[in-house]
Amino acid sequence: MSTINLEGTEDTPKIMLDPANGIYEISGRSLPEDCASFYKPILEWLDNFSPSSKMDFNIKLDYFNTASSKMILDILTRLEKIKNTGKDVKVIWSHSEDDEDMQEAGEEFSELVEVPFEIKAY
Amino acid sequence: MDKNLNYIFDLHTTLSTKNIILVYEGEFTQEITKSVLSMAEKNLETTNEEISIKKKVFNVMVECLQNICKHSEEFGSENDDFNTAIFMIGKEDSEYTITSGNIIYNDRIDGLKNKLDQINSLDKEGLKELFKTVLSSTELSDKGGAGLGFIDMARKSSNKLAYDFYKINDNISFFSLQSRISRNKEV
C-alpha cells in the first residue's frame with residue numbers, strides 16, 4: 001500500500017498515512033472551500049486499505065470548518081468498515097486542553113460511528 | 001476643499017462609531033475569501049483577546065465567508081450587476097459582531113427564514129442534536145456546503161442569529177445576517 005504524506009497549509013491539514021510505520025494521522029487545520037476534492041484521495045486510499053496490524057488513527061486538529069466535518073465523518077465511516085472486517089481499529093482524538101469545542105466535536109463524532117474512540121487533551 | 005470627498009469622512013465616522021474593525025465589500029471569489037479570512041485572522045492575533053474567544057470568532061467568520069462565497073458563485077454567474085456582498089467584523093466592549101449582507105432571489109427567502117427560525121428556536125442541546133442529524137444525513141452539495149454553516153454559527157456564538165431581508169424588487173432582496181460573540185468567557 002502506498003504512503004500518503006501531505007504537508008499542512010494555512011487551510012488544509014497535514015496528513016500522514018504510512019502503514020509501513022503504523023502511522024495514521026491528520027493534524028493542523030482544515031478549512032478548504034472545496035473539501036470534497038481535497039479529501040477524495042484520502043477516502044479512496046482508505047477504501048482500498050486493510051491494515052495488517054493494529055490501526056490507531058490519530059486526529060489532532062485545532063480547527064475545521066463544517067464542510068470538513070462532513071469529510072471527517074466520511075473518514076470515520078471508512079474506519080468503521082475496516083473495523084467490521086475484524087481489524088483492530090481505534091480513533092485517537094486529541095484536542096488542546098482548553099478547547100472545549102474540539103473536545104465536544106470529538107465526543108459527537110464518537111457517537112456517530114461504531115469505532116472505539118479515545119479522546120484526550122494535549 | 002473638494003466636497004466630493006466628504007463621503008470618505010462620513011464612511012470613516014460611521015465605521016468608527018459602529019466599532020467596525022474590518023469591512024470588505026465587493027466580489028467574493030475563493031481567493032478573495034481566503035485573503036479576507038487571513039487578514040481578519042491577523043487582525044485578531046494582534047489583540048490580547050482570550051484564545052477561546054478568538055477561535056469562536058474565527059470559526060464564525062469562516063462559515064460566514066464561505067457561505068457568501070458559495071452563494072456568490074451560484075448567484076453571480078447570472079447576475080453580474082448584483083454580484084457583490086459585504087462582510088464586517090465589529091468589536092464592542094462586550095462582544096464581537098460578524099455581519100454579512102448579500103443579494104438573494106426572493107424565492108429563497110422562505111427557505112432561509114424557516115432554517116434560521118428553526119435554529120433560533122433551539123437551545124444548546126437542540127442545536128447539537130440538529131447538527132448531528134444534518135451531519136449524518138446529508139451529502140456535500142455540489143457547491144461543497146454541508147448545510148451546517150448556520151447551525152455551527154449559532155452554536156459557536158452561543159447567541160441567536162439576527163437576520164433581515166430587504167426587498168429590492170420583485171425578483172431579489174438583500175439578506176443580512178449577524179452573529180454576536182460575547183467577550184466574557186462562558187456567560
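**View 1. Where chain B touches chain A in this predicted model.** The contact draws 23 residues from chain B and 18 residues from chain A, with two residues in contact if their C-beta atoms, placed from the backbone, lie within 7 Å. On the chain B side, α2 (30-45), α3, α5 (124-137) and α6 each give two or more residues; helices are DSSP runs of H or I, at least four residues, numbered from the N terminus. The largest share, seven residues, comes from α3(B). By class, this side has six nonpolar, ten polar and seven charged residues, where Ala, Val, Leu, Ile, Met, Phe, Trp, Tyr, Cys and Pro count as nonpolar, Asp, Glu, Lys and Arg as charged, and the others, Gly among them, as polar.

**View 2. The largest nonpolar core.** Among its 52 residues, V91(A), V60(B), M61(B), C64(B), L65(B), I68(B) and F87(B) touch the most other members. Such a core is a set of buried Ala, Val, Leu, Ile, Met, Phe, Trp, Tyr and Cys residues joined through C-beta atoms within 7 Å; buried means 20 or more other C-beta atoms within 10 Å of the residue's own, C-beta atoms being placed from the backbone. Helix α3 (residues 51-76) of chain B contributes eight residues to this core, the largest share.

**View 3. Around F87(B).** Leaving aside residues up to four places away in sequence, F87(B) touches Y24(B), V36(B), C64(B), L65(B), I68(B) and S100(B).

**View 4. Helix α6 (residues 149-157) of chain B.** Nine of its nine residues are buried, so this helix is largely enclosed by the rest of the structure. Among them are F150(B), D152(B), R155(B) and K156(B). Next comes S158(B), with a positive phi near 55°.

**Notes.** Residues are numbered from 1 along each chain as its sequence is written, and chains are lettered from A and ligands numbered from 1 in the order in which they are written. In this predicted model, local features need pLDDT of at least 70 and side-chain atom pairs count only at pLDDT 80 or more, while totals for chains, interfaces and linings use all residues.

Key
Buried ≥ 20, exposed ≤ 12 C-beta atoms within 10 Å, placed from the backbone.
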